[in-house]
Amino acid sequence: MKKLISLCLALVLSLALAVPAAAAETGGVSVMVNGEAVVFPDGDPEISSGRTMVPMRAVLEALGAEVDYDHSTKTVRASLNGETVLIHVIGTDTITVGDGGTLTMDTVSYVSGGSTLVPLRFFSQVLGYEVYWDAGERTAVVIDKQGLIAEMDKAFTILNDLQAKQTPAAGNLSMEMDFSGSAKIMAPGMEMDLPFSIDLSGVYGENALNFSGKMDLSILALVLASVPMNADGTGPSGEETTAALNQMAAMLKDLDFEMIYSDGSMWMKLPAVTDLLRAQGAEIPEGTVWMDLGGADMGEVYDLYDLSLSSAGGVTMGQVLYTMAELADAEMPTIIYEDAEEAAALLTTLMGDDTFTKDGDTYTWKVDQAMMDKLAAELGASSTDFPGTVEMTIKEDGSCTFKLDVTDEEFSMSMSGASTATDSTVEGKITVKDVCDVTFQGSAKVAPTENAPVTAPPAGETVIDLAGTPMPIAG
């Protein structure tokens, strides 16, 4: 069920095509607070000794604070939300907070153009806000992340309750999962039945995730063989290519693997891959070898891993929406706030509390043609045919079932499943007319464990940098 929710989130974010908000031009450096450009009537932001310095009063007032200044003592006093009190003497690097504690900035404040300028990082250090720098727009971006998440979550109390009830208690957890199926190929000259499977076990905690298992993915070699690779629609041919695909199929048929993820780093152990690399002449030591994926471009995957590992008690829809907007707009953070709000509005139309029907202790959710018409209207787009239904049922105890059926002249898919905090199952069938029938089934179990995940490969084992090692590519 969490997979279904994730797919809906991906759909919403792909539709949320935001246009960058205009930032006020102020001496070449601009500031946005919660998606709005800040106007500076008394002085402009500036870059000083490599730091972005911003007018303290204008930014605090944009955040809703009340700001007072005592000329005799050169002291700025600000209250935010009627609670947080900040006191700062101009020309120092110290901020005093309401409880009497102090924080030290990385540089002193100063007066320029009639405004007190403080380092931009002050707002993250003191107030806990997210601070970004958009190099392309030369704009500093300040976002009240927790406030925005809380606002978005107001529309998703039903799904957030489900997420919380389906998330096991904090602590180390073990997981066992198996997924298998068969693809019946019906294309002329290619009639065959091809099995596939993934079996894995793992343990994860607050800061690390470990998995090990075995896969039979030899079907992927057949897929590569059948997909056209040339501009004229033809595919690879020749004995050399056939041999390479056969070699890949053999490698993928009995693929053992181990994975360690911890604190933004990932290592994989894939004996079949390292054996193939050695056969192709790569200088890889004999014996057990771990591949360090730190040099691979997987930052977004790592960020999602960190979100799931650090969110004991359940990840909320607001947290996921914000994280996905942050990842999508990493190169242009001026539109993070707008994209998150727009995605939340669209997802509210698709999966918000108002889309559920309650009957006793059961909530029911359904997507059909009527729902797709409503979503298209929200987007200002033309409606498209949706030849099927998706249904989800949530019970008070946190158990959940779902069913999907889609059918048209050339394609059909049916899938159903159930999940609780400790068990989940799924089964289904996909048919492409005159091409293939694919059936699949899977299950997963989660339970508390006294075993803790490791955070790096065992001492003494060989680790190679994947980024510096050529990978085998068929043909």
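Me: So what is a polar contact here?
Reply: A polar contact is a pair of N or O atoms within 3.5 Å. Within protein, one atom must be able to donate a hydrogen and the other to accept it, and residues adjacent in sequence count only if both atoms are side-chain atoms. Keep in mind that this is a predicted model.

Me: OK, what does the side chain of Thr334 make a polar contact with?
Reply: With the side chain of Asp134, at 3.0 Å.

Me: And where is Thr334 found?
Reply: Thr334 sits in the loop between helix H10 (317-328) and H11.

Me: Is Thr334 buried or exposed?
Reply: Buried: its relative accessible area is 5%, and the cut-off for buried is under 20%.

Me: Which residues is Thr334 in contact with, leaving aside neighbours within four places in sequence?
Reply: Met32, Asp134, Glu137, Thr139 and Val141.

Me: Let's zoom out. How many helices and strands does the protein chain have?
Reply: 12 helices and 27 strands. The chain has 475 residues, and buried ones make up 40% of them.

Me: Now the core. Which residues in the largest nonpolar core touch the most other members?
Reply: Met152, Leu159, Tyr322, Met392 and Ile394, out of 35 residues in that core. Helix H11 (residues 336-351) gives the most to this core, with 9 residues.

Me: What does Met152 touch?
Reply: Not counting residues up to four places away in sequence, Met152 touches Gly318, Leu321, Tyr322, Ala340 and Ala344. Apart from this core lies another one, of 30 residues, including Leu63, Ala65, Val97 and Leu120.

Me: Switching to sheets. What is the order of the open sheet of 5 strands?
Reply: E5-E6-E7-E8-E9, with antiparallel pairing. Strand E5 (66-70) and strand E9 (102-104) are the edges, each pairing on one side only. Neighbouring strands there are turned by 20° against each other on average, direction ignored.

Me: How many bridges do E5 and E6 pair over?
Reply: 5 bridges, in the antiparallel sense, with strand E6 covering residues 75-80. Asp70 stands opposite Thr75 in E6. Their hairpin has 4 residues between the strands, and Lys74 takes a positive phi near 55° there.

Me: And the next pair along, E6 to E7, how many bridges?
Reply: 6 bridges join E6 to strand E7 (residues 84-89), again antiparallel. Thr75 has Val89 in E7 as its bridge partner. The hairpin of E6 and E7 has 3 residues between the strands, and Asn81 in the turn has a positive phi of about 60°.

Me: What joins E8 to E9?
Reply: 3 bridges, with strand E8 (residues 94-97) and E9 running antiparallel. Thr94 stands opposite Thr104 in E9.

Me: How about the open sheet of 4 strands, what's its order?
Reply: E3-E4-E11-E10, with antiparallel pairing. The edge strands are E3 (46-48) and E10 (110-112), and each pairs on one side only. In this sheet, neighbouring strands are turned by 45° against each other on average, direction ignored.

Me: Which residue stands opposite Val111?
Reply: Thr116, in E11. E10 and strand E11 (residues 115-119) pair in the antiparallel sense over 3 bridges.

Me: Last topics. Which residues of helix H8 are buried?
Reply: Val273, Thr274, Leu276, Leu277 and Arg278, with the helix covering residues 271-279. Just after H8, Gly281 takes a positive phi of about 100°.

Me: And where does Ser197 lie?
Reply: In strand E15 (residues 192-204). The C-alpha atoms of Ser197 and Met215 are separated by 5.5 Å, though the two are 18 residues apart along the chain. Leaving aside neighbours within four places in sequence, Ser197 is in contact with Phe179, Ser180, Lys214, Met215, Asp216 and Leu217.

Conventions. Residues numbered from 1 in each chain as written. Predicted model: local features only at pLDDT ≥ 70, side-chain atom pairs only at ≥ 80, totals over all residues. Heavy atoms only, no water. Helix = DSSP H or I, 4+ residues; strand = E, 2+ residues; numbered from the N terminus. Buried < 20%, exposed > 50% of the residue type's maximum accessible area, 1.4 Å probe, protein only. Pairing = 2+ DSSP bridges. Axes fitted to C-alpha atoms, helices over the stretch in contact; angles between N-to-C directions. Core = buried A, V, L, I, M, F, W, Y, C linked by side-chain atoms within 4.5 Å. Contact = heavy atoms within 4.5 Å.
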